[in-house]
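Hi everyone, thanks for making time today. I'd like to walk you through one model, starting with the overall picture and then moving on to a couple of helices. Let me put it on the screen.

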Amino acid sequence: FDTPAEQALLETVVYLVLTDVITIKDALDGFRSEGVVAVGVMCAVAKSVQITGGLQLLAKLLLGNPEGRVMAVFRMLLPVLAISAFLNNTPVCAMMLPIL
């Protein structure tokens, strides 16, 4: 399937609401949690960093010219650990995985 995950999720929730499997209240209950909203916002920020080219600049700074995949992962380790100390791990991983 070529459908993005967020589109498939949204379409599934809409279908479940329209067929009365779940109520609108049930569909929106997840957004009451501050954690869910925070991860969603951070994922949007991570995607914007990817799209604007900031990720390529970050990759050049962090990786330089590694001699292989293991060395690239090792060079990513400390910056990702430092960023993860202050931000949620999910968007950090979503932002850094395309570099490798």
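So, what is the chain built from? It has six helices and zero strands, and reading along the sequence gives the pattern α-α-α-α-α-α. Please keep in mind that this is a predicted model.

Now the overall dimensions. The C-alpha trace spans about 55 × 30 × 25 Å along its principal axes. For a compact globule of 100 residues you would look for a radius of gyration near 13 Å, but this chain comes out at 18 Å. Of the 100 residues, 14% count as buried. As for contacts between residues at least 6 apart in sequence, 46% of them join residues at least 24 apart.

Let's turn to a helix pair. How do helix 3 and helix 4 cross? Helix 3 covers residues 34-52 and helix 4 covers residues 54-63; their axes come within 4 Å and cross at roughly 80 degrees. Angles from 65 to 115 degrees count as roughly perpendicular, so that is the label for helix 3 and helix 4. On the helix 3 side, the contact is made by Val-49, Gln-50 and Thr-52, and on the helix 4 side by Gly-54, Leu-55 and Gln-56. By class, that contact has two nonpolar, four polar and no charged residues.

Last stop, helix 6, residues 89-96. Which of its residues are buried? They are Pro-91, Val-92, Met-95 and Met-96. These four cover an arc of only 125 degrees around the axis, so they sit on the same side of helix 6. And what covers them? The cover includes helix 3, helix 4 and helix 5.

Definitions and conventions. Residues are numbered from 1 along each chain as its sequence is written. This is a predicted model: local features need pLDDT of at least 70, side-chain atom pairs count only at pLDDT 80 or more; totals for chains, interfaces and linings use all residues. Side-chain values use heavy atoms; hydrogens and water are left out. Axes are lines fitted to C-alpha atoms, for helices over the stretch in contact, and angles run from 0 to 180 degrees between N-to-C directions. Helices (H or I, at least four residues) and strands (E, at least two) are DSSP runs, numbered from the N terminus. Angles under 35 degrees count as roughly parallel, over 145 as roughly antiparallel, 65 to 115 as roughly perpendicular and the rest as oblique. Contact means heavy atoms within 4.5 Å. Ala, Val, Leu, Ile, Met, Phe, Trp, Tyr, Cys and Pro count as nonpolar, Asp, Glu, Lys and Arg as charged, and the others, Gly among them, as polar. Buried means under 20% relative accessible area, exposed over 50%, partly exposed in between (1.4 Å probe, protein chains only). The arc is that of the directions from the helix axis to the C-beta atoms. The radius of gyration is taken over C-alpha atoms; the globule rule is 2.2 Å times the number of residues to the power 0.38.
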